[in-house]
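Please look through the sequence and the structure shown below before reading on.

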Amino acid sequence: YVESIQKNIVTIGVGPAGTGKTYLAVVHGEPDALQGTYRDLLRRDPNERKTYVTDKMAKGVQEAVLDYDVLGTRTELSLVRIYLQTGRTHQIRASFADMGHPLLGDGKYGRERINRTYGETGQMLYSYKLTFTLPTDAGRLEYLRGRTFQVQRVPFAEKYFPDFKLS
């Protein structure tokens, strides 16, 4: 299992309650605060296959929470580390876009002009670190409790922020 996880072959669906996922993203603009929490209400439209931030609780609306740190800025871009507290569909993409900071390269929630300017056709978002917290008995996966797996490099982070190093 460990080797397969390191090679990104296996996806383990234990969810945010059993894992801690840490993401890197390049977003347009600079968030108002260098650290913060986005607490949103999200509504998923299955026909459009898109998630929207809404201001009212209703049927199908779910609370979504993430924390972020701005790791660097340059021109009109920011490198952001993101920690999910909840794991909603398109949560990161929808929340950052709603705050005016869409992911670079995101064709669904982003800004086409900026994506074209940088020549990006894929979203600059990557889950680079996974920690297994496993609050309940994990059975065959028990040996993963407390273990963290991290990639050595994230190419888009190096491309736009060459001085950035994963720690």
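Is Thr75 buried or exposed? Thr75 is exposed, because its relative accessible area is 76%, where exposed means over 50% relative accessible area, buried means under 20%, and partly exposed lies in between, all with a 1.4 Å probe and with protein chains only. This is a predicted model, in which local features need pLDDT of at least 70 and side-chain atom pairs count only at pLDDT 80 or more, while totals for chains, interfaces and linings use all residues. Residues are numbered from 1 along each chain as its sequence is written, and side-chain values use heavy atoms, with hydrogens and water left out.

The protein chain holds 5 helices and 7 strands, where helices (H or I, at least four residues) and strands (E, at least two) are DSSP runs numbered from the N terminus. Read from the N terminus on, the elements follow the order α-α-β-β-β-β-β-α-α-β-β-α. Of the 167 residues of the protein chain, 39% count as buried, and the chain exposes about 9700 Å², of which carbon and sulfur atoms supply 47%; such accessible areas come from the Shrake-Rupley method with a 1.4 Å probe, and for residues only the protein chains shown count as cover. Among contacts (heavy atoms within 4.5 Å) between residues at least 6 apart in sequence, 61% join residues at least 24 apart.

To return to the residue of the opening question, Thr75 is found in the loop between strand E4 (61-74) and strand E5, which spans residues 77-84. These strands form a hairpin with 2 residues between them, and Thr75 in the turn has a positive phi of about 45°, although Thr75 is not a glycine. E4 and E5 run antiparallel and are joined by 8 bridges, and two strands are said to pair if DSSP finds at least two bridges between them. Leu66 has Leu84 in E5 as its bridge partner. Whereas Thr75 is exposed, E5 is mostly covered, with 7 of its 8 residues buried.

Arg49, in the loop between strand E2 (35-45) and strand E3 (50-54), has a positive phi of about 55° although it is not a glycine. Arg49 is exposed, because its relative accessible area is 56%.

What lies inside? In soluble globular proteins, nonpolar side chains tend to be buried together. A nonpolar core is here a set of buried Ala, Val, Leu, Ile, Met, Phe, Trp, Tyr and Cys residues joined through side-chain atoms within 4.5 Å. The largest such core has 15 residues, and those with the most contacts inside it are Leu24, Val26, Leu104 and Tyr160. Strand E1 (19-28), E5, helix H4 and helix H5 (155-160) each supply at least two residues of this core, and the largest share, 3 residues, comes from H5. Apart from this core lies another, of 13 residues, among them Tyr38, Tyr68, Ile82 and Leu84. Not counting residues up to four places away in sequence, Leu104 touches a list of residues that includes Val26, Leu77, Ile114 and Tyr160.

Which residues of H3 are buried? They are Gln91, Ile92, Arg93, Ala94, Ser95 and Phe96, and H3 is mostly covered, since 6 of its 8 residues are buried. Gly100, whose phi is positive and near 90°, follows H3. In the loop between helix H3 (91-98) and helix H4 (112-118) lies Asp106, which counts as buried because its relative accessibility is 1%. The side chain of Asp106 reaches the backbone nitrogen of Lys108 at 3.0 Å. Leaving aside neighbours within four places in sequence, Asp106 is in contact with Arg93, Arg111, Asn115 and Gln123.

The last stop is Arg153, in the loop between strand E7 (148-150) and H5. Arg153 is partly exposed, because its relative accessible area is 48%. Leaving aside neighbours within four places in sequence, Arg153 is in contact with Glu158 and Leu166. The side chains of Arg153 and Glu158 are joined by a polar contact of 2.8 Å, where a polar contact is a pair of N or O atoms within 3.5 Å; within protein, one atom must be able to donate a hydrogen and the other to accept it, and residues adjacent in sequence count only if both atoms are side-chain atoms. The C-alpha atoms of Arg153 and Ser167, which are 14 residues apart along the chain, are separated by 9.9 Å.
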